[in-house]
Amino acid sequence: LMGDDLLGQIALANSDRDYTMADLDLLKSVAVIFARAIQRKCMEEELKEEIARRKDAEDRLKRANDQLQILLEDKNARLIKASEILKKSVERFESFSKED
């Protein structure tokens, strides 16, 4: 057990003698070492999964950012073109107004 979680079981084969408290103490020590190793392995797997999830999220965010950048560049180009057209229209209007 690790806390309230059962991480595994240790089974013993039949012995020619009865098991003693010393045997039980030794077995408990081995069980703690195994439990910590199992717990560490589980934590490593969780960490790998979290790293993969974060990498995926980072990749999706980068793609979204790249798409946004393209859209912004397109909108900026359209605004510049519209501004140039408007400026020319104003200049034409002003030239007509000066003629009158």
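How exposed is Asp-56 by relative accessible area? Asp-56 is partly exposed, at 40%. Here, buried means under 20% relative accessible area, exposed means over 50%, and partly exposed lies in between, with a 1.4 Å probe and protein chains only.

The model is predicted: local features need pLDDT of at least 70, side-chain atom pairs count only at pLDDT 80 or more, and totals for chains, interfaces and linings use all residues. Residues are numbered from 1 along each chain as its sequence is written, and side-chain values use heavy atoms, with hydrogens and water left out.

**Salt bridges**

The structure holds 10 salt bridges. Each is a side-chain nitrogen of Lys or Arg within 4 Å of a carboxyl oxygen of Asp or Glu. Three of them are tabulated here, including the one made by Asp-56.

| Pair | N to O distance |
|---|---|
| Arg-60 and Asp-56 | 3.1 Å |
| Lys-62 and Asp-66 | 3.2 Å |
| Lys-48 and Glu-45 | 3.9 Å |

Arg-60 and Asp-56 are about one helical turn apart, because they sit four residues from each other in helix α1. That helix spans residues 21-99. Helices are DSSP runs of H or I with at least four residues, strands are runs of E with at least two, and both are numbered from the N terminus. Arg-60 is partly exposed, at 45% relative accessibility.

Lys-62 and Asp-66 are also both in helix α1, four residues apart, or about one turn. Lys-62 has 52% relative accessibility, so it counts as exposed. Asp-66 has 36%, so it counts as partly exposed. Elsewhere, salt bridges with shared partners join Lys-41, Glu-45 and Lys-48 into one network.

Lys-48 is exposed, with a relative accessible area of 54%. Glu-45 is partly exposed, at 32%.

**Pocket and surface patch**

What volume does the largest pocket have? It is about 250 Å³. A pocket is found on a 1 Å grid over the protein atoms alone, as an open set of points with protein on both sides within 12 Å along at least five of seven lines; a 1.4 Å probe that fits but cannot get out marks a cavity instead, and lining residues have an atom within 4 Å of a point. Grid points are joined across faces, edges and corners, and the volume is the space filled by probe spheres set on them.

The lining divides into nine nonpolar residues, two polar and one charged. Among the lining residues are Gly-8, Ile-10, Lys-28, Phe-34 and Ile-38. Gly-8 is in the segment before α1. Its relative accessibility is 43%, so Gly-8 counts as partly exposed.

A nonpolar surface patch includes Ile-10, Phe-34 and Ile-38, together with Leu-12, Tyr-19 and Ile-33. Its accessible area is about 580 Å² in total. Patch residues have over 30% relative accessible area and no salt bridge; nonpolar side chains are joined within 5 Å, like charges within 9 Å. Areas come from the Shrake-Rupley method with a 1.4 Å probe. Ile-33 lies in helix α1. It is exposed, at 56% relative accessibility.

**Further along the helix**

Ala-77 is in helix α1 too. It is partly exposed, at 43%. Ala-77 and Val-90 are 13 residues apart along the chain, and their C-alpha atoms are separated by 20 Å.

Methods: Ala, Val, Leu, Ile, Met, Phe, Trp, Tyr, Cys and Pro count as nonpolar, Asp, Glu, Lys and Arg as charged, and the others, Gly among them, as polar.
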